Amino acid sequence: PTIHRADYAPLAWTVARIDLHFALAPQATVVTSRLACVRNPDAAPGPIVLDGEELETLALTVDGLDPAPGTVRRTESRIEIDVADRDEVALEIVTRINPQANTALSGLYLSRGGYFTQCEAEGFRRITWFPDRPDVMARFTVTLEGDKAACPVLLSNGNLVEEGELPDGRHYARWEDPFPKPCYLFALVAADLVALERRELTASGREVLLQVWVEKGNLDRAGHAMESLVHAMRWDEETFGLELDLDRFMIVAVSDFNMGAMENKGLNIFNAKYVLAKPDTATDVDYEHIESVVAHEYFHNWTGNRVTCRDWFQLTLKEGLTVFRDQQFSADMLACAAGAEGGSSARAVKRIDDVRVLRSAQFPEDAGPMAHPIRPESYQEINNFYTATVYEKGAEVIRMLHTLLGPEGFRNGMDLYFSYHDGQAVTCDDFVNAMAEANGRDLDQFMRWYGQAGTPRLRAQGEWNGADGSYTLTLSQSTQPTPGQPDKLPLVIPVAVGLIGPDGADLPLQLEGEHQPGATTRVLELATETRQWRFTNLAAEPAPSLLRGFSAPVILELDEDDGRLAFRMAHDSDACNRWDAAQRYAERVLLQLAADAAAGRALKVPAPFIDAFGKLLRNELLDPAFRAQALALPGEAYLLERMEPADPAALRAAQLHVGAELGRVLAADWLALAESLVEPGEYRYHPADAGGRALVNLALRYLCAARVDAGVALAAARFDSATNMTDRFGALAALMHGAVPAAEAALAAFYRRYQNDTLVLDKWFALQAGAWRRDAAAAPVLAQVRELLADPAFSPSNPNKVYALLGSFFRANPGEFHLADGSGYEFWAEQVIALDAANPQVAARMARALENWRRFTPALQAAIRPQLERVLAADGLSPDVTEIVEKALAA
Ligand code: ARG
Ligand code: ZN
């Protein structure tokens with residue numbers, strides 16, 4: 001069934017208080033729920049409505065009595081209770097659930113002997129009958145009762161108010177959450193864990209207890225998460241004046257988890273990979289991810305929990321805003337670590353990361369059958385809408401508001417939003433209205449960003465008039481139709497613009513009608529289909545640098561020849577655009593070579609490209625982290641999106657060739673670079689050091705791609721002598737990338753060293769599933785992936801393992817997945833069907849690997865279609881996978 005945003009109606013009855021009691025047992029947990037239901041004065045009259053899924057109902061009373069005959073209607077998933085003449089009713093409901101059988105990891109489930117919950121979006125209904133929607137905000141008290149030996153730690157939201165012993169080796173704990181909350185923010189943990197603890201004062205001087213709960217052997221990996229949490233607390237106090245509102249804040253790491261992490265009130269539950277880190281097991285990138293995910297979940301306490309969503313269509317209200325907040329936080333952390341001089345480059349490096357994610361994950365989504373606005377109009381399965389569009393494009397929309405209103409205007413809007421809506425469940429309109437009111441600005445047209453799907457194309461044309469020294473810039477916008485949205489309206493697009501003079505320096509910008517030149521970067525607002533701006537007082541023809549800082553989530557179309565791209569690679573003062581110039585040049589070369597490969601022509605990398613690339617590589621004025629970004633070729637997913645038709649084999653041939661040529665021709669530079677960036681003493685995670693390590697690892701990758709002997713030897717030596725995971729994994733990845741003989745031994749050594757470390761083994765799986773074949777005679781990676789499925793360390797019930805092995809193959813290795821004989825697709829169908837029977841959310845993520853199948857060559861499409869049909873025909877297919885595959889086939 002399809003749910004529509006327009007159908008929203010408030011419930012006739014809501015819940016003011018809920019008192020939950022859990023008698024925990026692996027296969028038969030008994031949940032007793034006492035609900036104080038209250039009539040909603042703002043809604044049409046009707047019955048009390050409760051949701052349920054896979055519940056065994058043992059008892060239900062209304063005000064302590066069996067319900068009167070004919071007043072209760074019950075189906076598998078819904079209970080309706082008629083209540084006359086009263087405005088308050090007490091329900092008591094007893095259900096029995098089986099956490100051990102819960103392989104979907106939604107609701108209450110077991111992981112390595114402990115009990116954990118995941119309730120967003122609709123998991124609470126798998127625990128007990130309840131109106132499972134975010135506009136029902138109740139005060140929770142929770143009593144947990146369980147076996148003391150198996151579960152010495154009993155946690156839930158809020159404050160611990162009581163604990164004690166029970167007969168038969170059992171014990172209990174009682175928790176009270178002072179804040180009303182929707183049930184998707186409920187959580188419990190009952191497991192054998194230990195905590196890293198710290199006490200901090202909030203800005204207003206309240207003492208709070210911070211805890212990071214992990215399995216016993218992992219206490220030495222909890223420190224970075226704790227540091228990150230403290231940084232996030234401070235940042236939100238300083239940036240937005242937002243303080244922690246609880247006496248205790250807990251983070252818990254769990255091994256089996258569908259997503260990244262969850263912001264349950266006061267009890268954040270995390271996929272262990274976003275908590276655990278020590279130098280020997282985590283890379284710099286892992287450290288960065290932990291910092292940003294910890295911050296993201298912490299920031300939700302205000303943007304998501306204190307003010308929550310009225311319904312799930314508003315998901316971007318909390319997710320887009322919170323992603324924007326975590327992006328700003330990470331940029332500030334990097335800038336702060338880089339100090340006064342390096343700050344702006346460090347910020348740009350983070351921005352570039354964000355843009356890469358948007359282009360490689362969100363742009364393809366916006367161009368395919370799953371295209372939806374950041375606020376969708378309909379869905380079949382809400383879990384399918386935790387998307388790059390809702391999250392990442394949602395964050396871009398918030399960023400545009402920040403750009404249009406300025407930091408102060410944005411802060412004022414946030415303050416007003418909280419002053420109006422603290423404690424409420426609201427909509428995206430409420431947020432934008434607060435921004436508009438605080439700034440005295442009409443944002444009605446801006447609101448279109450919430451309703452219109454598809455990536456806008458921004459076409460730019462410049463005209464130089466040498467006679468009067470003026471430069472006229474014409475900007476136009478258009479958006480292609482998306483499923484269900486044939487017609488598109490003009491959006492408000494902030495375009496940050498600079499003009500670069502012939503010497504490479506930015507020119508002060510003076511618009512026609514202004515008396516003197518101003519700043520060198522200015523934000524133009526395009527709100528109509530097309531508009532012109534005339535810059536005057538210019539001595540020579542400038543080179544435009546448009547969309548600086550990637551000021552809007554659009555595809556910029558500007559005709560620039562190779563020379564112009566090389567010029568901007570060398571001079572653009574906006575680091576983001578300088579990187580983008582390199583990406584555009586590389587894209588041009590790669591797509592040309594892919595076309596040559598497809599046509600059976602010889603492949604040749606243009607010398608001017610290698611030259612421009614080499615100049616960046618040798619430029620020691622540029623910070624290593626930036627150079628590592630600028631010298632990394634655009635991602636495969638993004639390139640396939642730009643290729644017509646998408647031909648993964650041809651693209652892979654081009655990528656292999658270009659990488660090897662850049663390695664071979666620039667070998668001396670790469671070697672010099674790798675040797676000059678000497679290791680700072682003992683490993684510490686610090687952005688300044690991380691940039692150097694990333695650049696060295698990239699150098700090794702190019703050298704191995706070209707099989708430069710000295711480079712391969714250096715990679716092998718660094719692998720052997722590494723003192724930390726960043727160096728060890730970087731060297732291993734380079735050796736694998738080159739498919740050199742040393743790779744196999746290194747891979748085996750890596751496995752031996754980490755065979756008992758499940759998180760590190762995920763890297764081992766991912767590396768092999770994502771491998772590039774250099775020798776056409778070698779066995780396809782598919783054979784290796786099949787073999788790895790049988791490895792004792794693999795487990796299909798652990799989402800991280802599935803993402804590492806199958807995700808890395810289906811989603812991150814198109815060159816190997818899209819085999820001409822279709823065997824990759826057969827394997828895909830087999831795996832999606834098998835996964836779906838146990839865990840629909842994980843299966844649906846894997847299913848999405850083929851949603852854009854219409855973009856591929858006719859031969860590949862012909863091989864894909866029967867496999868899509870085979871999945872759709874599978875018995876008992878979940879709504880999750882059904883929605884993805886149906887939409888793909890309908891396109
Ligand atoms: N709210 C979580 C976050 O972004 C994500 C939870 C998603 N869960 C799900 N089953 N779709 O931090
Ligand atoms: Zn979130």
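Reply: Start with G266, which sits in the loop between β19 (261-262) and β20 (267-271). Helices (H or I, at least four residues) and strands (E, at least two) are DSSP runs, numbered from the N terminus. This is a predicted model, in which local features need pLDDT of at least 70, side-chain atom pairs count only at pLDDT 80 or more, and totals for chains, interfaces and linings use all residues. Residues are numbered from 1 along each chain as its sequence is written, while chains are lettered from A and ligands numbered from 1 in the order in which they are written.

Me: Is G266 buried or exposed?

Reply: A residue is buried if 20 or more other C-beta atoms lie within 10 Å of its own, exposed if 12 or fewer, and partly exposed in between, with C-beta atoms placed from the backbone. G266 has 26 C-beta neighbours inside 10 Å, so it counts as buried.

Me: Which residues does G266 touch, leaving out those up to four places away in sequence?

Reply: Two residues are in contact if their C-beta atoms, placed from the backbone, lie within 7 Å. With that exclusion, G266 touches N157, G158, D177, L246, R248, F249 and M250. R773, by comparison, is 507 residues from G266 in sequence and 47 Å from it in space, C-alpha to C-alpha.

Me: How many helices and strands does the protein have?

Reply: The protein has 25 helices and 30 strands. Its radius of gyration is 28 Å, close to the 29 Å that the globule rule gives for 891 residues, so the protein is as compact as a globular protein of that length. The radius is taken over C-alpha atoms, and the rule is 2.2 Å times the number of residues to the power 0.38. Of the 891 residues, 51% are buried. Among contacts with a separation of 6 or more, 71% are between residues 24 or more positions apart.

Me: What is the strand order in the open sheet of 4 strands?

Reply: Two strands pair if DSSP finds at least two bridges between them. The order here is β28-β25-β24-β30, with mixed pairing. β28 (530-535) and β30 (555-558) are at the edges with a single partner strand each, so one side of each has no neighbour in the sheet. Within the sheet, β24 (residues 457-465) and β25 (residues 470-478) run antiparallel and are joined by 9 bridges. R459 stands opposite S476 in β25.

Me: What should I look for in the backbone angles?

Reply: Most residues other than glycine have a negative phi, and most peptide bonds are trans. R112 is not a glycine, yet has a positive phi of about 45°. R112 lies in the loop between β9 (107-111) and β10, and counts as partly exposed because it has 14 C-beta neighbours inside 10 Å. D168 also has a positive phi, near 65°. D168 is in the loop between β13 (159-166) and β14 (170-176), and is exposed, with 6 other C-beta atoms within 10 Å.

Me: Where is the peptide bond with omega near -10°?

Reply: That cis bond runs from E644 to P645. P645 is in the loop between α11 (636-641) and α12 (648-665). The bond from E120 to A121 is also cis, with omega near 0°. A121 lies in the loop between β10 (114-118) and β11 (139-147).
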